[in-house]
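Please look over the sequence and the fold that follow.

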Amino acid sequence: MSASKWRSVQRKAGTDTIYGVALSPDGQCLATASWDSLVKLWDVAEGRVLHTLQGHDGRVYTVRFHPDGQRLASGGTDTHVRLWDAQTGAALWSQSGHSSLVYSVDFQPQGDLLASASEDGTICLWKVDSGELVRTIEGHPQYVQGVVFTPDGKRLLSGSRDCTAALWDVATGDELARFDVINNGINSTQFNADGSRLLISNVDGSVGLWDVATLTLIHEMEGHTYPAWSAIFSPDGKVIASGSADKTIVLWDAETGAELSRLTGHGMDVYSVAFSPDGRWLYSGSVDKTIRVWGLDVSDADWQPVSAAWQAAES
């Protein structure tokens, strides 16, 4: 999977940094979180904005689709967690349980709960249907950048700039385990589909692949020269993509930890990346205010429709 087999087009997506990107479960809608206070929903096939969601007062750091694809959560500097109707763009609820900015949100796979992680060092659990705060989890002395549910929805993992990651019992809020990521503040966390592997992207530019059962490091992937802001698994779990302050995206072999491709094109930090459900498309958001759409160059017939759509003039 050489870099020459991937091509990209870019699209100006806002007036400020694109910090978060997320794909709907069916791959038909892309959500972006921007520092201009806006959340945008994009039609993936046509490359156009469907809805612009206004309500945050300040930078938006994170977006995530509900498993049903009908709702979307966001968080940012205004300390609020917001839930939106992804079909109409209407606001459903807005709650503030944190005292500082919200870095990350994640839905329980069963769809009942939403977790948010904050600069204040806490994690909040919310009822999706009502916005009711279930509990606040405390335990990190520094801010929490990443939060993610295990695939069974029974546990929650947090990653902090205190150089630790912790597992929590969702039902009780009790800490189940904690492990050190030595001298590495954590930027993002993600499980693979079966929950056996964990990805952690780090301030020193490395990406760690961890065994969940033993909480041991399998591979430390080193290739970025500046912080790795995000790292994700491809849908089949065979490839890892990481975005970095060095302006690149690196694709890694999840089995061996070897570098497969290095994608260049963004002019500034790449804060977030998201795979399409079939794994053939990769979306990235950057400080350069653009989205890039990367396609595995299988044939011009596959590539051109997406290229033409996303290369269109700014909406």
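F191 has L198 as its bridge partner in β19. Strand β19 covers residues 197-202, and it pairs with β18 in the antiparallel sense over 5 bridges. Two strands are said to pair if DSSP finds at least two bridges between them. The strands themselves are DSSP runs of E with at least two residues, while helices are runs of H or I with at least four residues, and both are numbered from the N terminus. This is a predicted model, in which local features need pLDDT of at least 70 and side-chain atom pairs count only at pLDDT 80 or more, whereas totals for chains, interfaces and linings use all residues. Residues are numbered from 1 along each chain as its sequence is written, and side-chain values use heavy atoms, with hydrogens and water left out.

Together, β18 and β19 form a hairpin with 5 residues between them. In the turn of this hairpin, G195 has a positive phi of about 75 degrees. Is strand β18 largely enclosed or largely open? Strand β18 (residues 186-191) is largely enclosed by the rest of the structure, because 5 of its 6 residues are buried. Here, buried means under 20% relative accessible area, exposed means over 50%, and partly exposed lies in between (1.4 Å probe, protein chains only).

Strand β18 also contributes to the lining of the largest pocket. About 1400 Å³ of space lies in this pocket. Rolling a probe the size of a water molecule over the atoms shows where empty space is left. A pocket is defined on a 1 Å grid over the protein atoms alone, as an open set of points where a 1.4 Å probe fits, with protein on both sides within 12 Å along at least five of seven lines; lining residues have an atom within 4 Å of a point. Grid points are joined across faces, edges and corners, and the volume is the space filled by probe spheres set on the points.

Which residues are closest to the centre of the largest pocket? Of the 49 residues that line the pocket, R64, D106, V148, Q190 and I232 are the closest to its centre. The elements that give two or more residues to the lining are β2 (18-23), β6 (60-65), β10 (102-107), β14 (144-149), β18, β22 (228-233) and β26 (270-275). By class, the lining has 28 nonpolar, 18 polar and 3 charged residues. In this count, Ala, Val, Leu, Ile, Met, Phe, Trp, Tyr, Cys and Pro are nonpolar, Asp, Glu, Lys and Arg are charged, and the others, Gly among them, are polar.

Attention now turns to the loops. S37 lies in the loop between β3 (29-34) and β4 (39-43), and its phi is positive, at about 80 degrees, although S37 is not a glycine. S37 is buried, because its relative accessible area is 18%. C163, in the loop between β15 and β16, has a positive phi of about 70 degrees and is not a glycine either. With 21% relative accessibility, C163 counts as partly exposed. T248 lies in the loop between β23 (239-244) and β24 (249-253) and counts as buried at 8% relative accessibility. The side chain of T248 makes a polar contact with the side chain of D246 at 2.7 Å. Such a contact is a pair of N or O atoms within 3.5 Å; within protein, one must be able to donate a hydrogen and the other to accept it, and residues adjacent in sequence count only if both atoms are side-chain atoms.

How many salt bridges does a search of the whole structure find? The search finds 10, a salt bridge being a side-chain nitrogen of Lys or Arg within 4 Å of a carboxyl oxygen of Asp or Glu. One of them joins the side chains of D162 and R178 at 4.0 Å, N to O. This pair links distant parts of the chain, 16 residues apart: D162 is in the loop between β15 (155-160) and β16 (164-169), and R178 is in strand β17 (residues 175-180). D162 is buried, with a relative accessible area of 15%, whereas R178 counts as partly exposed at 30%. Salt bridges that share partners join D68, R71 and D129 into one network.

F179 and A166 are 13 residues apart in sequence and 6.5 Å apart in space, C-alpha to C-alpha.
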